[in-house]
Amino acid sequence: MTQPKRVAITGAAGQICYSMLFRIANGDIFGPDQPVSLHLLEITPALGLLEAVKMELDDCAFPLLNDIVCTDDAKTALTKVDAALFVGAKPRGPGMERSDLITDNGKIFSSLGKTLNEVGNPDCKVCVVGNPANTNAYILKANAPNINPRNITALTRLDHNRAISQLASKTGSKIADIKQMVIWGNHSTTQVPDISYASVNGKAASDLVDQKWAQEEFIPTVAKRGAAVIAARGSSSAASAANGVVDHMASWVQGTPKDDWVSMAVPSDGSYGIDEGLIYSFPVQIENGDYRIINDLDVSDFIREKMMASQQELREERDTVASLLS
Ligand code: NAD
Ligand code: LMR
């Protein structure tokens, strides 16, 4: 019998997880032959609600779901897991920026980073979702030196998917026809959705849409889509965020097609002049469970200026959380 993959998930009684846990239990990350074990972490007052989520998971009778641990003890949740999805954190409301959450949420990631450092598997694959996701991942990485830093990532796949959807709609094409989209930078309004390398059914996207649309409509629409969802829904994106996490992890585990890539926020290796160690979104290709930053793309002056502005925002967020970095 194949050993189950153990996945820790924080904030497991929250909105995103209510869409995400069922997908993971169904095999959408690790594939149809791999059993999974869910380690669900919540704060103590939410344990009752978490029990209700467990009841529903049980009632689905997922053949791949080996067992479920519900706990408010981070050590129990994070011990020797193969993957850890850090979702648990406050969401923003209308009129807020994601960075307004930094003081409250940053503390969660320094504390959980320390616990992961103590009890985690060094090769554990980490995806940080709680906002501001890049800087929370940076805090977690600083507090977990025993964990392979390459494996500490943050979610920009939702932005990547949003960008593909906008381009498909503009060009009247199918989602599957679009390849090589890029999101650079921070999961914030400074992010840089970039169609420079994208193709639509084999044709250069930049030949199919005018530059004015790409610069003045596409970029702000994707970058502000989270706020648009909050305005429409009264609370932040949940099902699409859950889908982004599943896509992020499935690509990481199962790989990317040879002729495409995905966007992931990962520790910079200095590519494109981005400070080493900052958690920055790049295009990556993935093989055998390991990613490679695509580091040889020609970047226009217009995009480069925006990439640097996003880096500057991440530097400022890093300085704001200096007290949480050790
Ligand atoms: P939610 O409020 O519905 O759920 C959050 C859950 O986390 C709650 O159940 C809460 O009890 C729990 N929690 C809080 N502190 C915790 C801790 N220390 N340990 C364990 N659990 C804890 O929020 P949500 O809609 O699920 O969103 C969660 C986070 O994800 C927010 O910060 C939101 O802004 C962010 N988000 C990120 C993206 C992205 O693309 N990166 C997309 C959507 C939402
Ligand atoms: C999103 O992009 O939908 C999330 O980061 C939630 C938010 O606050 O916008």
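Before anything else: the model is predicted. Keep that in mind throughout.

Let's start with ligand 2. Where does it sit? Ligand 2 is in the largest pocket. Ten names to look for on screen: Arg-92, Arg-98, Asn-131, Leu-158, Arg-162, His-187, Gly-226, Ile-230, Ser-236 and Ser-237. Those are the residues around ligand 2. By class, that shell holds 2 nonpolar, 5 polar and 3 charged residues.

Now the arginines. Take Arg-92. An N or O atom of the Arg-92 side chain is 2.5 Å from an oxygen atom of ligand 2. Next, Arg-98. Here a side-chain N or O atom is 2.8 Å from a ligand 2 oxygen. Then Arg-162. A polar atom of the Arg-162 side chain sits 2.7 Å from an oxygen of ligand 2. How much of ligand 2 does the protein cover? On its own, ligand 2 has 260 Å² of accessible area, and the protein covers 95% of it.

Which helices contribute? Helix 6, residues 157-171, gives at least two residues to the shell around ligand 2. Helix 9, residues 225-233, also gives at least two. On the domain level, domain 1 (5-154) supplies at least three residues of this shell. Domain 2 (157-317) likewise supplies at least three.

On to ligand 1. Ligand 1 also sits in the largest pocket. How many residues surround ligand 1? The count is 23. The closest are Gln-15, Glu-42, Lys-90, Val-129 and Asn-131. By class, the shell of ligand 1 splits into 13 nonpolar, 8 polar and 2 charged residues.

Two of them use the backbone. At Lys-90, a backbone N or O atom is 2.7 Å from an oxygen of ligand 1. At Val-129, a backbone N or O atom is 3.2 Å from a nitrogen of ligand 1. The third uses a side chain. An N or O atom in the side chain of Asn-131 is 2.8 Å from an oxygen of ligand 1. As for burial, ligand 1 alone exposes 870 Å², and the protein buries 86% of that.

Domains again. The shell around ligand 1 takes at least three residues from domain 1 (5-154) and at least three from domain 2 (157-317).

Now stay on Asn-131. Is the peptide bond from Asn-131 to Pro-132 cis or trans? That bond is cis, with omega near -5°. Pro-132 lies in the loop between strand 5 (125-128) and helix 5 (133-143).

Ala-61 has a positive phi, about 50°, and Ala-61 is not a glycine. Where is Ala-61? Look in the loop between helix 2 (47-60) and strand 3 (65-71).

That's the tour. Thank you.

Methods: Residues numbered from 1 in each chain as written. Chains lettered and ligands numbered in written order. Predicted model: local features only at pLDDT ≥ 70, side-chain atom pairs only at ≥ 80, totals over all residues. Heavy atoms only, no water. Near = heavy atom within 4 Å. Polar contact = N/O pair within 3.5 Å; in protein donor to acceptor, adjacent residues only side chain to side chain. Areas by Shrake-Rupley, 256 points an atom, 1.4 Å probe, with all protein chains shown as cover. 1 Å grid on protein atoms, 1.4 Å probe; cavity = no way out; pocket = protein on both sides within 12 Å on 5 of 7 lines; lining within 4 Å. Sits in = over half its atoms within 2 Å of the grid points. Helix = DSSP H or I, 4+ residues; strand = E, 2+ residues; numbered from the N terminus. Nonpolar A, V, L, I, M, F, W, Y, C, P; charged D, E, K, R; others polar. Domains from an automatic or database assignment.
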